[in-house]
Amino acid sequence: MRLRAEYRVGPNLKFLGNLDMMHLLERALRRAEIPYRLTEGFNPHIKLSMGTVLPVGLWGENEYFDLELDEMAPQDFKNRINVVLPPDMQIKQCIAVPMQAASLMKTINTAQYDFILKPGQNAEYLVTSLLDCDKILVQSRGKNKQLLKDLRPGLYDMQVEPGDGFEVLAVMVSVNEPLNIRFDELLAVFAENGLKSENLLDFFRRGNYIREESKYYSPLEKV
Amino acid sequence: MKDRLFRDILPRVSKPVRYIGNEVNMIKKEWDQSHIKMVFAFPDVYEIGMSHIGGKILYGLINETTPHLMERSFAPWPDMEGLMRQENIPLYALESFRPLSDFDVVGFSLQYELSITNVLNMLDLGGIPVKSKERGPQDPIVIAGGPVVFNPEPFTDFFDAFLIGDGEEITVEFLDCLYKHRNLPREELLYLLASEIEGVYVPSLYTVAYREDGTLKEMRPIREGIPARVRKRLVHDLDNSYYPDQPIVPYMDIVHDRAVLEVMRGCQRACRFCHAGMVYRPLREKSVAVVKKQAEAQLKNTGFDEVSLASLSTLDYSGVNELVKHLVETYADKGIGVSLPSLRVDAFSIDLANEVQKVRKTTLTLAPEAGTQRLRDVINKNISEDDLFKAAESAFKSGWMGLKLYFMFGLPTETNEDLDGILDLLNRVKGIGNRYSHRPVQIRASLACFVPKAHTPFQWQSQATIAELDDKRQYMLKHKIKNVKVSFHDSHVSFLEGVLARGDRRLGDIIYLAWQKECKFDGWSEYFKFDTWMEAFANFKIDPAFYTRAREYGELFPWDVIATGASQAYLRLENERAKKGISTPDCRMADCVGCGVCPHFGLAPFHLPNQPVNLPADIMTENIKEEA
């Protein structure tokens, strides 16, 4: 069977790279004695696919992976693996999905990044002025560093939410193909628009979504 | 402080995971309820320090079985150090994020002579006076253990005490004694530790005098009850000594990213250059049943996908066949592999390597050490050309595509003929490979500079100079072989290693000055600053070559204050036999060769059954034993 899990990566693990996360999960699968399936061939590895790559330096509330395993109730899986996972990496929910379901990598096309600001940063103004732009040009931080990238078509939404002693700037952007907006590119745009780094208390990825006709679905809702 | 690190510091450094702690199986004990608070300090980066078995043993032993606590700290990479100094963040332990200066004991593991500048740097970053004599009542006791402390003399300025030998034997006693006498003044405390616990060497309790020619004249304790020679501590029974069932599982890739099982300690092959082979004698094996149990526990508690059998020469472990078969049978279908760290040069080793590596056959590593039979006899590396060719044949026949061969150069009595011998061996091994493979096989040779080490039969030998080594290198590079890559260790690094390996107390000033001139990570070529070191020697008008010279029998050595159990007479005899090019058998397969270690520690010699080899007539064990 194939299982899809939604998990949280807490701030203590925000410096782990994608390979580190994978090793952490694989080792937990072995410790919990989950009946995972292995690939065929000379160098067998666990059929685990990380749907989302959490960038180094970022923690995440809702990340996803798919795992192939022998029959097992999703609830049992969750209970067994959460015991051996560190407190800062916990499965929140998981469901069985059809074996032929499209991969997470292919379907996830949107991410929400939350930036926690000190109050009084005039975040509302930042939101309106950015959303009013026709183009938001930024030097790409991805593979092609020469590229001047226009973020505007992938900047779906920005909202300011009040908090207790802080404000949350929530940004919904396109990821993966055709336009991948990175969180550090957003940081660069904010800096250009006058947001000082000492006024930025924290940032993380709130979630990963499948966007269809301006609606957002979680990868557990839309398989 | 953790908040500041995570918010302001770590996002700006390379490999931040080195500094976050909190790994799976980390043990964080209650600070206030623990007796002695000790930090295990490793003077290199996290991924190297976390690969070290000794540290894993001590960490589990202290935290799980005693009322004391042990945390960990590693050398920060220079980018992190720079930020820490700039932002006033002291070097901290990964469990509690407390600065090193908060601990009662800071214990360094010295695995390599050149890591000493990192020790100084870590103390300084941790808010502890670098020199022992400058530490006061509030400062931690700074100690060291590991193979390097079998000659502790060059490092005496920086440590309050050295713990000699197997750490699990001595560390708990040390901490217990410290706790019992915690209210005594520092000086009295150190005296008590040195007088009550065997294996504790407190250098400030000894006086040293030199002759006019610079050699040691005398070294003796200045107080009653302090041993003239400090004997190493030894685990007698590995089966019943502590071994961790749930070691820490790092988040990042480390050098040895797997469950590591120590199958035996010590080696009796008696290679005459080998420091570990001498100081860790005698050989002690774990039983197969115990290793099986430890493998099961470690795999269950860590989730590693690989298990490795560690020792100085794992293929010599008497249960290796049974154990490897068991591990492969039990774990292969779970996707868990077995690895053997060091192979012996023979066909049996290759067969076993095939057993565990049914998969990608990339490169095998073998260590013939020298290019001619004559020179292998000199260094007592008991393998023949025939063994090597059979090993190579067996490897290529079963599909390996590459072979890596380790040699040393600059060995005693070495001539150009021996260097030619290396090239000849490489050529012939390549020929064997090409007979069995369609594609050209890759042969790589790595040549290390021979460094004479304390407590070995070659402690009297001179070390080849940098110029001599460079000539030898040039000579070998003149004869390039297609598809054979030969690489050489840096002779400058080896020179400094040789100076420290047989150095004395006068080197303390030089180490201190080199560190002040920002020498650190000397074992990393990108940071090694040879000229700075030479300036430091010049500043104190000390000729470093004094320490790499040949030495006379009868010269008193700085490391004579440490006893390994091996007798001087045995070492001398082995050195003489080397000069004559006569080899000595492995005493597991022959009668006792009389090194003196077993009787010294009241152990029965370890022999393998049914493999009688006659001892050469000139080894008169009884005589040696008497002298010892």
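The points below take up the basis of the model, its nonpolar cores, some helix contacts and several local backbone features.

1. This is a predicted model, in which local features need pLDDT of at least 70 and side-chain atom pairs count only at pLDDT 80 or more, while totals for chains, interfaces and linings use all residues. Residues are numbered from 1 along each chain as its sequence is written, chains are lettered from A and ligands numbered from 1 in the order in which they are written, and side-chain values use heavy atoms, with hydrogens and water left out.

2. The largest nonpolar core has 249 residues, and those with the most contacts inside it are Phe77(A) and Phe159(B). Its largest share, 7 residues, comes from helix 14 of chain B. A nonpolar core here is a set of buried Ala, Val, Leu, Ile, Met, Phe, Trp, Tyr and Cys residues joined through side-chain atoms within 4.5 Å; buried means under 20% relative accessible area, exposed over 50%, and partly exposed in between (1.4 Å probe, protein chains only). Apart from this core lies another, of 15 residues, among them Trp559(B) and Phe601(B).

3. Helix 14 (residues 416-436) and helix 15 (residues 466-477) of chain B pack at an angle of about 45 degrees, with their axes 10 Å apart; the axes are lines fitted to C-alpha atoms, for helices over the stretch in contact, and angles run from 0 to 180 degrees between N-to-C directions. Helix 14 of chain B and helix 15 of chain B are therefore oblique to each other, given that angles under 35 degrees count as roughly parallel, over 145 as roughly antiparallel, 65 to 115 as roughly perpendicular and the rest as oblique. On the side of helix 14 of chain B the contact includes Leu419(B) and Ile422(B), and on the side of helix 15 of chain B it includes Tyr475(B) and Met476(B).

4. The axes of helix 10 (residues 320-331) and helix 11 (residues 347-356) of chain B come within 10 Å and cross at roughly 15 degrees, which makes helix 10 of chain B roughly parallel to helix 11 of chain B. Among the residues in contact are Val324(B) and Val328(B) of helix 10 of chain B, and Phe348(B) and Leu352(B) of helix 11 of chain B.

5. Helix 17 (residues 507-516) of chain B has 7 of its 10 residues buried, so it is largely enclosed by the rest of the structure. Ile510(B), Ile511(B) and Trp515(B) are among the buried ones, and what covers them includes helix 5, helix 16 and helix 18 of chain B. Helices (H or I, at least four residues) and strands (E, at least two) are DSSP runs, numbered from the N terminus.

6. Two cis peptide bonds deserve a look. One joins Glu177(A) and Pro178(A), with omega about -5 degrees, and Pro178(A) sits in the loop between strand 9 and helix 5 of chain A. Another runs from Arg281(B) to Pro282(B), with omega near -10 degrees, and Pro282(B) lies in the loop between helix 8 and strand 12 of chain B.

7. Glu213(A), with phi near 45 degrees, counts as exposed at 78% relative accessibility, whereas Asn483(B), with phi of about 65 degrees, counts as partly exposed at 31%.

Notes
Contact = heavy atoms within 4.5 Å.
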